[in-house]
Amino acid sequence: MKKLVGATHRLGIELNARQVRQFELYYQELIEWNKKFNLTAITDYQEVQLKHFLDSITVILALTKEEMENPDLSIIDIGTGAGFPGIPLKILLGQPRLVLLDSTAKKATFLHHVTQRLELSNVEIVIGRAEEIAHLPLYRQQFDLVVSRAVALLSVLVELALPFCRIGGEFVAQKKGEIRQEIIKANKAIDTLGGKLSQVRKIELEELSGERYLVIIDKICATPEKYPRRPGVPKRRPI
Ligand code: SAH
């Protein structure tokens, strides 16, 4: 994990021995399970360290020191797939409650296995569509931090993600490439769902190529009951 350790050091984070072991195990399990299930196209040892682990960890650049040290922080990862960015964040932060949400049962099987292998506590894996889970009181407007990577266009994603966010919390979307238009198109949805665009932060790390951003949206008022709409509708007819 030399590449990961070096790059996180430049972010001001020193990974301890346990965390390095957890990332190593995570890599091994990912590669092993990828032989049976299609979890990721990135399998090279160096590339996984940077494009999956480091890239996930950059989400912490959106957090304050108080948030990072708050043991009661709660996080949900929407469309987590093989656990990105949720699991690397959990390895790093240790304490927070983490919910990993994905609609695919096969991915959940892997997530159960890997979170046990890594001995991560306070992690819950939920199989379901965000459009439905977001209406359950246990999850609706319950999270300080909602994260998501590579799931949908921002205009669609805010309808899936902001309902989970408590008022005063934030949604951090990891985005790549040309995002100006995407953000402009999402303005109405952000407003409708009770959000306010707070910051677009460019990630500048020599280890990560391409333009990468964190789009940070504050939750400033309650999401109207009718959102999210039924499964598939946010994507077919973005707000
Ligand atoms: N976040 C991961 C996976 C991205 S692939 C990563 O960056 O590597 C997108 C994932 O989102 C898939 O695993 C898919 O099953 C899930 N997904 C897509 N739409 C969803 C929805 N409406 N509710 C829950 N999960 C969804």
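This is a predicted model: local features need pLDDT of at least 70, side-chain atom pairs count only at pLDDT 80 or more; totals for chains, interfaces and linings use all residues.
Residues are numbered from 1 along each chain as its sequence is written, and side-chain values use heavy atoms, with hydrogens and water left out.

**The ligand**

- Around the ligand are 15 residues, and Gly79, Phe84, Asp102, Ala130 and Arg149 come nearest. Here, near means that a heavy atom of the residue lies within 4 Å.
- This shell splits into 4 nonpolar, 6 polar and 5 charged residues. Ala, Val, Leu, Ile, Met, Phe, Trp, Tyr, Cys and Pro count as nonpolar, Asp, Glu, Lys and Arg as charged, and the others, Gly among them, as polar.
- A polar backbone atom of Gly79 is 2.8 Å from a nitrogen atom of the ligand. A polar contact is a pair of N or O atoms within 3.5 Å.
- Glu131 has a polar side-chain atom 2.9 Å from a nitrogen atom of the ligand.
- The side chain of Thr104 has an N or O atom 3.0 Å from an oxygen atom of the ligand.
- The ligand exposes 570 Å² when taken alone, and the protein buries 80% of that. These areas come from the Shrake-Rupley method with a 1.4 Å probe.

**The largest pocket**

- The ligand sits in the largest pocket. That requires more than half of its atoms to lie within 2 Å of the pocket's grid points.
- A pocket is an open set of points on a 1 Å grid over the protein atoms alone, where a 1.4 Å probe fits, with protein on both sides within 12 Å along at least five of seven lines; lining residues have an atom within 4 Å of a point.
- The volume of the largest pocket is about 770 Å³, counted as the space filled by probe spheres set on the points.
- Its lining has 38 residues, with Ile78, Gly79, Arg149, Ala150 and Val151 nearest the centre.

- Most peptide bonds are trans.
- The bond from Phe84 to Pro85 is cis, with omega near 5°.
- Tyr227 and Pro228 are also joined by a cis peptide bond, with omega about -5°.

Definitions and conventions
A polar contact is a pair of N or O atoms within 3.5 Å; within protein, one must be able to donate a hydrogen and the other to accept it, and residues adjacent in sequence count only if both atoms are side-chain atoms.
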